[in-house]
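Reader: Could you take me through this structure and tell me on what grounds each term is used?

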Amino acid sequence: MSLVSAAAAEDGGLFEALAAYSRIVLDALKVANGPSHMEIKVDPDSLEPCLVEVGARCHGGEGTWLPIADACVGYDQVDVTLDAYLDKEAFDKVPSTPPPLRKFGAELFFVTKTSGMVRSTERSTAYLRNLPSLRELEWQVKPGDFAALTVDCFTRPGSAQLIHESRTQLEEDCQKARSLEKPTSGPVPPPLLDLEFVCRKPIDRGTVVVVDPYSSGAILAERVRSRHRKKLVVVHSDPKSPIATLVASGTDVRPHSVLAFEGKVEDLATQVDGRSPIIAVLPGAETGVILADDLAEALGTRANPSRLSAARRNKYLMGDAVRRAGVRAVRQCKATTWDDAKAFLASLEEDIDDDSDIGGPRQCRPQRKKEIYPLVVKPIESAGSDDVFKCASAEEVKEAVRVINGKVNGLGNVNEGALVQEFLRGDEYVVDAVSRDGVHKIVAIWRYDKRSVNGANFVYFGMGLVDESEGGGFKILATY
């Protein structure tokens, strides 16, 4: 059956009969206000309409039909619905039946005739995008998914929206798109779905859990599916987190399921564990580090020990842990009151060459005796230079501690105290690494460009990659 048959568009009798019958049905059901979506069958001999069903709501289908209606009719049901309630004058201007079409349009719902594990849709996507009338393409399956035989709206693998000035061109493109569903042995046309395995049931490749897939964590989550074809479960440590919207444009996470952490790791582990073999639990953002550690430990996957989880988030505990391991670290204190900070300032004013000082001989320290300023005051658990102060006096330190302590930071957490640290002179670098069972791979070294501007001392202007040819400095950073 042609979706762009001239019959409905040009046979005024049928068009008017459908419109008249629809109004009678709406009156019978007392639908006096709002939208309706009616399905009607027409007898092929008598051309008499008969109701299948009607919903008192807008046309569904995820709204993928909206661009077609707008381009071809000039308006759509959603806008007219709002006009009916909010703008009577605009509603009165809408004709009682659609005007002659400006363009011709159709939506194709793809049908899977062979089930299996999807490797890719790249070839069919490229083929479809070359069709002159293609407007939008929506895939409901992604690499790694199981594509079932299409038996209803919920098992179709995707859809295409087509619009063109020429009815002939639209009809031709619809036929070409449908040809992808047929068995093929040649390169053109390609199969609708490139199946890695043809099978009747899903092949379980294991599940990866990503906690808080924000920022680059959204890309990490996306690649779980697109590159490794694993099932993806997303966990939100706090669905209301202010950084939950930090997802790069175009990133298509599309998890198999989404869970919200409600306070008990054991309950979350039970929810996750029943889905399929869990092969990895990863943090997607700073806010997900501790929960990812706890969940990985509960599920028995590769994990960092939870006994040091706090030190991997809390900057004070982080510095303390590094110092206790005998590694060079900045001198610091956690200040919940001005007295805490004042005591730290007094300790810095002592002879910093004294090995009994709280910093010890291996700490980062001011370059000259008695020169303790500037100092840095910042939140203990935040990011992105949020409330980082460079202080030139005790008064400035006191004010910075007052501002930070108890404030909700950029990650949505309440600051429990402030971190007061020595100011470290020199360039600032970023070392990106990935580890597996204690084997560390340094994957990139960057040099930050931070400057003072607009009353702030640590504004990011950018960053650049450091090349290995820079020699000793590169190796020192990697070793450290």
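Author: What follows is a short exchange about a sheet and the helices beside it. The model is predicted, so that local features need pLDDT of at least 70 and side-chain atom pairs count only at pLDDT 80 or more, while totals for chains, interfaces and linings use all residues. Residues are numbered from 1 along each chain as its sequence is written, and side-chain values use heavy atoms, with hydrogens and water left out.

Reader: How do you know that β9 and β10 pair?

Author: Strands are DSSP runs of E, at least two residues long, numbered from the N terminus, and two of them pair if DSSP finds at least two bridges between them. Strand β9 (residues 207–211) and strand β10 (residues 231–236) have five bridges in the parallel sense, and therefore they meet the definition. Val211, for instance, has Val235 in β10 as its bridge partner.

Reader: What makes β11 and β12 edge strands?

Author: The open sheet has four strands in the order β11-β10-β9-β12, with parallel pairing. Both β11 (257–260) and β12 (278–283) pair on one side only, and that makes them the edge strands.

Reader: Why are Val265, Leu268, Ala269 and Val272 called buried?

Author: Buried means under 20% relative accessible area and exposed means over 50% (1.4 Å probe, protein chains only), and these four are the buried residues of α9. They lie on the same side of α9, because they cover an arc of only 100° around the axis, taken from the directions from the helix axis to the C-beta atoms. On the other side of α9, Glu266 and Thr270 are exposed.
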